[in-house]
Amino acid sequence: MSTVCAVRELVKTYPAARGRRGAPATPEVRANDGISLDVRRGEIFGLLGPNGAGKSTLVRQLTGLMRPDSGTVDVLGHDLVRHPERASRLIGYLGQESTALDELTVGLAAETTGRLRGLGLREARAERDAVLDELGLAELAGRPLKKLSGGQRRMACFAATLVGERPVLVLDEPTTGMDPVARRAVWAAVDRRRAERGATVLLVTHNVIEAETVLDRVAVLDRGKVIACDTPSGLKEQVAGEVRLELVWRERAPLDVPEVAALRGSAQESGRRWVLRLAPDEARAAVAAVTGGAAFAALDDFTLATPSLEDVYLALGGQVQGLVKA
């Protein structure tokens with residue numbers, strides 16, 4: 001399978017800023033630290049990591065919107081560091097912000113995007129109508145984006161991204177704010193373009209469930225570095241001998257109970273929630289300890305599951321919390 005996008009040793013550093021009136025000083029931040037990766041033709045490739053991992057900074061360089069300090073970005077044979085203006089002809093980009101389109105109606109946002117991408121008026125309107133019908137937005141075509149709910153506005157921006165076909169789609173948190181029905185519509189549209197037109201998709205997400213269900217391969221980012229890259233199942237094999245135990249306490253963990261105190265050293269704590277990665281025998285013993293003794297009265301809920309990509313991230317040394325599972 002041929003490579004559509006090749007990134008080599010990409011570095012981007014935000015310089016330190018002095019404090020000003022009402023704004024504190026900020027230290028130098030190495031947002032991307034020697035990132036290298038390959039995205040293959042026709043795949044959905046993901047960038048997974050918590051907020052601040054460097055995902056959006058990387059995407060802005062891949063789409064020609066930001067120049068790296070060093071490194072190369074090649075998309076379909078075009079050097080986008082030397083020629084960033086070529087990115088718009090190769091990539092359909094859905095960023096996190098939609099303010100540029102907020103004053104337009106849903107239909108005009110899609111039509112204008114098509115016109116900016118070189119379509120004639122009739123062709124742009126035909127593609128607009130087809131995409132809005134596909135995504136169930138036809139009834140909203142005359143409404144301004146700024147009058148829509150967050151999920152509807154996000155869907156309208158996704159629709160505009162699809163008008164004026166591009167061989168590569170870069171989608172930065174595309175389903176933020178959407179309900180499950182809308183999310184399914186987004187991924188059905190992506191799958192159709194992949195199957196019928198050979199589109200390649202780069203997805204930015206911190207949603208573990210989304211990453212596990214829609215991605216062919218995923219690069220896991222932490223503090224500006226790629227700490228792993230494989231299929232979701234391949235990554236989870238690294239912690240295949242473990243079970244995920246999640247404990248939710250009613251108020252706080254009863255640390256006066258010896259069995260609970262013994263578990264604390266293995267737990268990732270977040271308020272009332274403890275998450276432990278244990279060998280199967282250890283997990284069974286832990287469940288028996290918290291449900292069969294004095295700790296049970298303090299326990300609100302517990303779940304046992306096979307490891308997720310969140311567990312992989314933590315097992316690989318990820319330090320920052322922020323992956324979500326919804």
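This note sets out numbered points on the sheet, a set of charged residues and the salt bridges of a predicted model.

1. Basis. The model is predicted, so local features are taken only at pLDDT of at least 70 and side-chain atom pairs only at pLDDT 80 or more, whereas totals for chains, interfaces and linings use all residues. Residues are numbered from 1 along each chain as its sequence is written, and side-chain values use heavy atoms, with hydrogens and water left out.

2. The open sheet. Four strands, in the order β12-β13-β11-β14, form an open sheet with antiparallel pairing; strands, like helices, are DSSP runs numbered from the N terminus (H or I and at least four residues for helices, E and at least two for strands), and two strands count as paired if DSSP finds at least two bridges between them. The edges are taken by β12 (267-270) and β14 (299-305), each of which has a single partner strand, so one side of each is left without a neighbour in the sheet. From one strand to the next the twist averages 15 degrees, where axes are lines fitted to C-alpha atoms, for helices over the stretch in contact, and angles run from 0 to 180 degrees between N-to-C directions.

3. The partners of β13. Strand β13 (residues 273-278) pairs with β12 in the antiparallel sense over 4 bridges, and strand β11 (residues 243-249) pairs with β13, also in the antiparallel sense, over 6 bridges. Residue R273 of β13 stands opposite S270 and also opposite V248, while W274 of β13 has E269 opposite. As background, strands of a sheet pair through backbone hydrogen bonds, either parallel or antiparallel.

4. Residue D172, found in strand β7 (residues 168-172), is buried yet has no salt bridge, and the nearest side chain of opposite charge, R154, is 5.9 Å away. Here buried means under 20% relative accessible area, exposed over 50% and partly exposed in between (1.4 Å probe, protein chains only); a salt bridge is a side-chain nitrogen of Lys or Arg within 4 Å of a carboxyl oxygen of Asp or Glu; and for charge, Lys and Arg count as positive and Asp and Glu as negative, with His and the chain ends not counted.

5. What surrounds D172. The side chain of D172 makes a polar contact with the side chain of Q96 at 3.2 Å, a polar contact being a pair of N or O atoms within 3.5 Å, of which, within protein, one must be able to donate a hydrogen and the other to accept it, and residues adjacent in sequence count only if both atoms are side-chain atoms. Leaving aside residues up to four places away in sequence, D172 touches S56, Y93, L94, G95, Q96, R154 and V204, with contact meaning heavy atoms within 4.5 Å.

6. Residue D179 lies in the loop between β7 and α6 (180-197) and is partly exposed, with a relative accessible area of 44%. The D179 side chain reaches the backbone nitrogen of A182 at 2.7 Å. Residue R183 lies in helix α6 and is partly exposed as well, with a relative accessible area of 26%.

7. Salt bridges between partly exposed residues. A search of the whole structure finds 24 salt bridges. One of them joins the side chains of D33 and R30 (3.3 Å, N to O), where D33 counts as partly exposed at 25% relative accessibility and R30 is partly exposed with a relative accessible area of 41%. The side chains of K236 and E212 also meet in a salt bridge (3.7 Å, N to O); this pair links distant parts of the chain, with K236 in helix α8 (residues 232-236) and E212 in helix α7 (residues 208-214), 24 residues apart. Residue K236 is partly exposed at a relative accessible area of 25%, and E212 counts as partly exposed at 24% relative accessibility.

8. Residue E310 forms a salt bridge with R244, the closest N and O atoms being 2.9 Å apart; the pair links distant parts of the chain, E310 in helix α11 (residues 309-315) and R244 in strand β11, 66 residues apart. Both E310 and R244 are buried. Elsewhere, salt bridges that share partners join E111, R125, R128 and D129 into one network.
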